[in-house]
Structures are given as C-alpha cells and as structure tokens.
Amino acid sequence: MDTTKLNCVIIGASHAGANCALELRKQGWLGAIYLVDADEYLPYHRPPLSKDYLSIEDVETSSFKPLFAKERYLEENITLKLGVSVIKVDEKQKSVALSTGEILDYDKLVLATGASAIIPPIEGISACKKVRVLRNAVDALQIQQDFKTSANKEVVIIGGGYIGLETAASLKKMGGDITVLEREERILARVAPLELANYFQELHTANGVEIYTGTSVVKIEEKETSIEIKCSNGKVYSADVLIVGTGVKPNTLLAEEIGAEIDNGIKVDANLHTSVKDVYAIGDVAQFYHPKYEAWMRLESVQNAVDQAKIVAANVVGEAQQYSAIPWFWSDQFHVKLQMVGLSKGYTNLVVRTEADKEDCFSIWYFKNDDLIAVDAVNNGKAFVLGGKFIKNNTLVDPIKIADHTIPFKPNNLIKTETNAH
C-alpha cells in the first residue's frame, strides 16, 4: 500500500499513542502522522506517577521522564499537537476538529484515548476542592503540593487497589500519616487472591499504614484546615490530603459519537479495528477478545498499550496482524516488587512457592485444570520470567514440583513428564 499521501491521526499520546506513532514510521508509513493530546507535556512514563514521582522531595515537570526525546518526533516527522483537545470526529468527512480551530483530515484514525478516574457518588465529594486522583502529571504535582503544604501530613486514600496502595507506600516514605479506606472486605478484592492481598495488608501495616476494610465513605466535608471523611460505620477520619483511587472508566465519548460499538470500552476485532471504517482503538480504552483466555477484556497496562501499538501499526500499513500477547503487570510498594504475568481469573487451583533461602520472595502459580494461566511473583524475577515462558508456550507444568522449593527453579525440573502426567 502506497501511504505517501495518506494521513494518520492518533488521538491520545500516552504509552499506546506515542508508541503507535513511532511504530508506524518503523513499519513503513510514509504519509503524515499527527499525535494529539490534551496533556501539554511531552508524552511521559505513567507508572512512576504513583511510585517514584511521589517519593521525590521536589517533584517538577522535569521529573517526568519522556517516553521519547522531542528530537525523535522531529526526526521521524511526527507532528505533535499537545495541550490540544479534540472537539469532534467526523467519520463521514474523515476529519478531526481541534480546540485550536484546526481541522485534520485522516485516512486512518487511531483512538488511544485511555481512561479517566472514577469519582464515586459520595455526598459532598463534588463540592470538595481538595479531592485528588492520580492519572497524569498535573495530578501528581497537585498531590505533592497538597502534601508539602499540609500541616499534619495526614493523608486519606479511598480505595485499596494497586494505585491506592502504591500511593500509600510512596507518601509513607515521605513521612506521611497514611490511612487507606476500602469498602470491600479486603484490599485488592477484584485483582488478587486472598494470599497476595493478606501479604500486602501485612506489608503496609508493618510500615505504619493504617488500612480499614469493609469501610464505605458516605460523606466528605471540607473544613477550614482539613477534610472530614465520614463512614457508614460511624467512624470519622480527618485529612490534609484526600486521594481517590476507586478505579477508572474508559474514555469512549469520541467513539460513541461516531457510532463505534461500545462495551466496557471501544470494542475492537482481532486486528484492533473498531466497527467504524478506518478507525482503530488501542490501550486502556480498547475492549478485545483474547484467544488464550477465551474472554473479552480491557487491560490497563503498559505492556498491553505498547504491544497493541505495534499490532495496530502493522494493520494500518496493510500488514494484517492479530493481537494475542500474554499480558503482564507490575507494582512497587516499599521494598517489594510484584510482577504478574497472565490472567488468573477463572483459576481452579493455585500453588504457592516460597523460596527458603530468600526473605520476602515467593510466587503464586494459577492453574485452570492442567493449564498454567498466570503467575504472581513477589521479589522473584525468575518465577516471573519462567512463568511467562510457560504460559506463552502452553507448557504443561507440574504443580507439585512448583510447590517444592527444594527443586531448583529450572524449566526442565518443573515440566510434567509422561510418568506423572496421568
């Protein structure tokens, strides 16, 4: 396909969008590439927002590490439209109207619009000017400013998911008095098994973070010098800094307006193409079918964003490719690095392996019948890498051998043999 005179517009310049722009050039797109985002900063790494950035004494815009140097976009002739909002997409005219008044024509359109923080319907929350979420650089700067200027360094975090816990760990390192309120009966209720949740509960408690589960916030009131948080059990908490980490919702509005199929995100086929001609969707906003896990899903991870960017770039230039990458994620909290590969939902059996010679080093292996479907590794890079290879190659692994820490962590030692496979 001759792309010399064609235009590709990418809306959203986070990991998915920025990588897609570079991948298009790498895979032979010769026409114009426009990368549009309402965020004014050069596309930057997002995961450190809740990890490293909050632990920096004086976080500034220079602290945000760019995904690619500005010169790279210039070298690849990629036009950046940053600090610019998209007003409308016209799928019939194949054009994108910007807040600057400019109209961009497109031959191919990629929606990498990501997701926004969910603000729960708590009484008084919309009137409270000091409620913070953590999705972008501006959010991180606001939280840091609130924290630095607070009198007592009292922080309340609503939500005990990974973002909430990472933020708690980062601000605790900075000397904060941290309280986490989780409405479910345990932290990480939707994303981790009880064994892993209990470990992180104990980790945070040991480091001085107060975690209260089964605790629903019913009212928030902004006082002169603090924020009052009232809960359904009658408890009242006071905070200088209030952060909400109760999940995200995909940014589907533009896709809805052009008639794309929506179902917990923008629905795409195996080529990441939406139901609208010449329009693709990638990253946090895309709802796709995973052949390995035989399920529709929407994943919020850097790996998913980057891998989908490569696949969609190939499809845009005319080289048909389907998406089937094994997902992986990570979380840093205090001295612990959690690495997760695969998806554990639907597991029928799990095995915990503890490394006897190392402190705080273990892994959880999830099986669906005989198939290994996921591994969670705590301070154990070897288990993460090995588990990923086993899942990708559909290797039949022996749960009994995995559980036995006296058996060395080598591939051939852990595979099911013919004699024990029956």
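Visitor: How many of the residues of the chain count as buried?

Guide: In this predicted model, 52% of the 422 residues of the chain count as buried, where buried means under 20% relative accessible area.

Visitor: What makes Phe334 buried?

Guide: Phe334 has a relative accessible area of 16%, and because buried means under 20%, Phe334 is called buried. Its place is the loop between strand 22 (328-333) and strand 23 (336-342), and Phe334 has a positive phi of about 55 degrees although it is not a glycine.

Visitor: Why is Lys94 called partly exposed?

Guide: The relative accessible area of Lys94 is 23%, and since buried means under 20% and exposed means over 50%, with partly exposed in between, Lys94 is therefore counted as partly exposed. Lys94 lies in the loop between strand 4 (86-90) and strand 5 (95-98), and the phi of Lys94, a residue other than glycine, is also positive, near 55 degrees.

Visitor: How do you know that the radius of gyration of the chain agrees with that of a compact globule?

Guide: For 422 residues a compact globule would have a radius of gyration near 22 Å, and the chain has 23 Å, so the two agree. Taken along the principal axes, the C-alpha atoms fill a box of roughly 70 × 60 × 35 Å, and the chain has ten helices and 26 strands.

Visitor: Which residues line the second largest pocket, and how do they divide into nonpolar, polar and charged?

Guide: The lining consists of Arg353, Glu355, Asp357, Lys358, Cys361, Asn380, Lys382, His405, Ile407, Pro408 and Phe409, and these residues divide into four nonpolar, two polar and five charged. Because Asp, Glu, Lys and Arg count as charged, Arg353 and Glu355 are among the charged residues of the lining. The space in this second largest pocket is about 170 Å³.

Note on methods:
Residues numbered from 1 in each chain as written. Predicted model: local features only at pLDDT ≥ 70, side-chain atom pairs only at ≥ 80, totals over all residues. Heavy atoms only, no water. Helix = DSSP H or I, 4+ residues; strand = E, 2+ residues; numbered from the N terminus. Buried < 20%, exposed > 50% of the residue type's maximum accessible area, 1.4 Å probe, protein only. 1 Å grid on protein atoms, 1.4 Å probe; cavity = no way out; pocket = protein on both sides within 12 Å on 5 of 7 lines; lining within 4 Å. Points joined across faces, edges and corners; volume = space filled by probe spheres on them. Rg over C-alpha atoms; globule rule 2.2 N^0.38 Å.
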